[in-house]
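Welcome! Keep the picture open while you read.

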Amino acid sequence: MTAQAFVQVVLRHAQLLFGHYERALTRFWNSPGPFTGNLIARDAMLHFRRNQLAAEANLRRADNVIDPTQGIGEQGLALVLGVIGAAVAAPVVPVLYRLSVTVKDRDVGLAGAFAIAPEGGLGSVQPVLLYTPQRGLEAFSGYSALLDALGLRGANGDCDEILLNVPVADREAVAQLLKAGRGRWVTAQLLADAGGSLLGRVLDEQLVLQRANLYSAFLPFRAGILDRVPEVLALAGGLPADLVARPLRADTLPVVPPADLALGDQQIYLMEKLDALNALTANLLRAMPEFNGFFQRRLALMFPSLNTPIDPDGIYLTHYRVDETGRKQLVSSKALGSVLLALLASTEPGNEQDGVPLDWAFFRQALTLNEEWQLPHVGSANDLAHAVKKRSPARSRHSGARYRQAKVRSVSYWFDCARASWPPWRRWAVWMVRCRLPAVRPLTVCCATRPGRRARWRFPPSLVPRFIDCPWQTVRHWPACLS
């Protein structure tokens, strides 16, 4: 066999091997996996990408609440949620655009990267978002600002991450154009896939890129194929590096006034810090869904025949038993609100008395078994209590019994405050005090220390309810409102 014939045999085997891998890859994406349930792998990946993009968008939004020059604004969050198909209070219509670089009269697309614009497209003067698998979500004041930023990255040689989203066969040509400052960026609108998902279309383009890179890994045949194939099969995605490497941010830190200040000035200093923390808390509350809205949605799902708002104290859970003659005998009747608070502190359903199971139903009147007052329902009080517990803002700084007690206490106060329609800042402050959150501890008062030592400041929890009840305008006159 001549050398040329041997080369042809090797190339033919490489082509057959690529065909085998390509068919196996197609079967993988179109078949359920061991951890995907009834979903095919492609749809399971799409579900994961939706959750990942929503998590990043919320983190970027939190950054913007703290610092308006960072992250994404409220409209940006609504655009991202519109892309993933999430329900929002004020829905917007996002428009997705594919990003491409023109190379020799041919557009080379960036798979997995896209621009998001509000209805009206990139021609409008509204802010736009850029998403790349490497940097995640970035906000720009407009389409021209986005193009300027991309051109500047290429000219500064900061385009290696962009090249990961183009086919391997085109990377060298795209890199030369971008580094020379001659790369021309073009956009084209992306339409939804067959299932109506915009993000599904983006994923499909990444899978096309995966197949193209797989071909480049096999052909032309050369050494190192075992290293190249795993690299091209890995899809770019996940949380961006800046979020993964970010340390936990402490929005509240211990407050210690400067030692050279007089006692009165130290109090003024602490009041200023208290005002700053209050402003931060207000911003966070505005960006956080109200607990009462969540609770009302759960009640509406449980009692579809009632109009919102639903008063849990106007619904009665009645337990009864059926005697030998088939008649119902009333055992107990309690308001749903009080039943929920009891269930939050117990994992037992409480449907038995003296070891005998009891039947139950919901009524619009107490102490009655009249079917005219009976309410159709979906689920039980235990189901509602479980959902409320999952919604609890208590965190795992408590362990064991302390954690469970703090969680029940926090949920109970959220529940009470939602029913009482307290203002958000007062609701938040009560919850922080009851759970002894670190956010309250820095709000401190001076306590006695040994001579020569620096004064330490603590905010006694016993003073908090009086502070909460006083008018907010009197904060700077703290001693007066505590007297």
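Glu138 and Arg153 form a salt bridge, with their closest N and O atoms 2.5 Å apart; a salt bridge here is a side-chain nitrogen of Lys or Arg within 4 Å of a carboxyl oxygen of Asp or Glu. Glu138 lies in strand β4 (residues 136–140) and Arg153 in helix α4 (residues 143–155), so this pair ties together parts that are 15 residues apart in sequence. Helices (H or I, at least four residues) and strands (E, at least two) are DSSP runs, numbered from the N terminus.

This is a predicted model, in which local features need pLDDT of at least 70 and side-chain atom pairs count only at pLDDT 80 or more, while totals for chains, interfaces and linings use all residues. Residues are numbered from 1 along each chain as its sequence is written, and side-chain values use heavy atoms, with hydrogens and water left out.

**Salt bridges**

- Side chains of opposite charge can pair when their charged atoms come close.
- The count of salt bridges comes to nine.
- Glu138 is buried, at a relative accessible area of 16%, and Arg153 is buried too, at 11%. Buried means under 20% relative accessible area, exposed over 50%, and partly exposed in between (1.4 Å probe, protein chains only).
- Asp193 and Arg42 meet through their side chains in a salt bridge of 2.9 Å, N to O. Asp193 sits in the loop between β5 (184–190) and α7, while Arg42 is in helix α2 (residues 41–66), 151 residues apart.
- Arg42 also forms a salt bridge with Asp204 (3.1 Å, N to O). Arg42 is in helix α2 and Asp204 in helix α7, so this pair ties together parts 162 residues apart in sequence.
- Arg42 is buried, with a relative accessible area of 15%, whereas Asp204 is partly exposed at 25%.
- A network of salt bridges links Arg42, Asp43, Asp193 and Asp204.

- Glu205 is found in helix α7 and counts as buried at 18% relative accessibility.
- The side chains of Glu205 and Arg98 make a polar contact of 2.5 Å. A polar contact is a pair of N or O atoms within 3.5 Å; within protein, one must be able to donate a hydrogen and the other to accept it, and residues adjacent in sequence count only if both atoms are side-chain atoms.
- Setting aside neighbours within four places in sequence, Glu205 is in contact (heavy atoms within 4.5 Å) with Arg98, Ala111 and Leu190.

**The second largest pocket**

- The second largest pocket holds about 380 Å³ of space. On a 1 Å grid over the protein atoms alone, a pocket is an open set of points where a 1.4 Å probe fits, with protein on both sides within 12 Å along at least five of seven lines; lining residues have an atom within 4 Å of a point.
- Its lining has 21 residues, and Leu164, Arg171, Asn213, Glu231 and Val232 lie nearest the centre.
- Helix α7 gives the most to this lining, with six residues.

**Backbone details**

- Most residues other than glycine have a negative phi, and most peptide bonds are trans.
- The peptide bond from Leu219 to Pro220 is cis, with omega near -5°, and Pro220 is in the loop between α7 and α8.
- Asp105 is not a glycine, yet has a positive phi of about 60°; Asp105 is exposed, with a relative accessible area of 80%.

How values were computed. Points joined across faces, edges and corners; volume = space filled by probe spheres on them.
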